[in-house]
Amino acid sequence: MLPYKNGTVRVTSPYGNRIRNGKTELHKGIDLVGSQKQIVAVQDGVVGSSAILDRSSDTGRTWEWGNYIRIDTSDGYSMFYCHLSARYVQRGTVVRAGDVIGAEGSTGLSTGSHLHFEVRNRQGQSVDPTPFLGIDNRIHAVDAVSAYYGRLVCDRCGLEESTRRYLDQYKYASNLWRKLWNAME
């Protein structure tokens with residue numbers, strides 16, 4: 001599931017090594033820009049942190065995140081939603097996948113409105129977030145409705161990822177996924 005329910009979402013910086021200020025560094029998350037700015041929880045969990053960081057409040061590199069939310073999932077992952085313009089949940093809030101938790105923004109060290117989405121395992125190591133989002137780890141645009149409803153239908157019906165990707169090529173994939181989901185309700 002994408003952290004956006006509607007609109008087009010563009011991956012602007014994938015997970016992995018990138019060159020920044022002439023140096024190669026590991027980009028520990030994925031940067032997304034949505035045509036709609038509301039951010040939703042990718043998985044069920046509990047809000048472990050909802051705060052704004054700046055250079056004076058944080059000596060580590062996380063000050064770059066600015067306004068951020070961390071959601072801890074039952075399977076031991078921590079999901080970070082960073083650079084938010086607004087946070088709508090507090091620490092301790094139980095959230096379900098698809099709940100609105102904040103708004104895309106440009107706080108912290110940011111060159112424009114986007115969401116930095118990062119996933120860490122139990123050991124605190126960053127992992128590729130794209131399997132959690134159901135998208136490829138490359139610069140491209142994704143239809144949020146297809147991704148959202150397509151994931152729900154596939155999870156409930158047991159359709160394989162390859163089937164979802166095939167159906168996403170259909171011109172009216174968004175409408176198809178929405179209709180399938182509504183028919184299952």
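Start by selecting Arg 120 and Glu 118: their side chains meet in a salt bridge, 3.0 Å from N to O. The term stands for a side-chain nitrogen of Lys or Arg within 4 Å of a carboxyl oxygen of Asp or Glu. Glu 118 counts as buried, at 2% relative accessibility. Here buried means under 20% relative accessible area, exposed over 50%, and partly exposed in between, with a 1.4 Å probe and protein chains only.

A quick word on what you're looking at: this is a predicted model, where local features need pLDDT of at least 70, side-chain atom pairs count only at pLDDT 80 or more, and totals for chains, interfaces and linings use all residues. Residues are numbered from 1 along each chain as its sequence is written, and side-chain values use heavy atoms, with hydrogens and water left out.

Searching the whole structure turns up 8 salt bridges. For the next stop, select Arg 18, Arg 20, Glu 25 and Asp 31, which salt bridges with shared partners join into one network. Zoom in on Arg 18, which is partly exposed with a relative accessible area of 23%. Arg 18 pairs with Glu 25, the closest N and O atoms being 3.8 Å apart, and Glu 25 is buried at 19% relative accessibility. Strands are DSSP runs of E, at least two residues, numbered from the N terminus. Asp 31 is buried too, with a relative accessible area of 8%.

Next, pick Thr 73, in the loop between strand S7 (67-72) and strand S8 (78-82). Is Thr 73 buried or exposed? At 9% relative accessibility, Thr 73 counts as buried. Show its side chain and you'll find a polar contact with the side chain of Asp 75 at 2.3 Å. (A polar contact is a pair of N or O atoms within 3.5 Å; within protein, one must be able to donate a hydrogen and the other to accept it, and residues adjacent in sequence count only if both atoms are side-chain atoms.) Leaving out residues up to four places away in sequence, Thr 73 touches Gln 43, Asp 44, Gly 45 and Met 79, contact meaning heavy atoms within 4.5 Å.

Last stop: Ala 141, in strand S14 (residues 140-143). Ala 141 is partly exposed, with a relative accessible area of 45%.

How values were computed
Helices (H or I, at least four residues) and strands (E, at least two) are DSSP runs, numbered from the N terminus.
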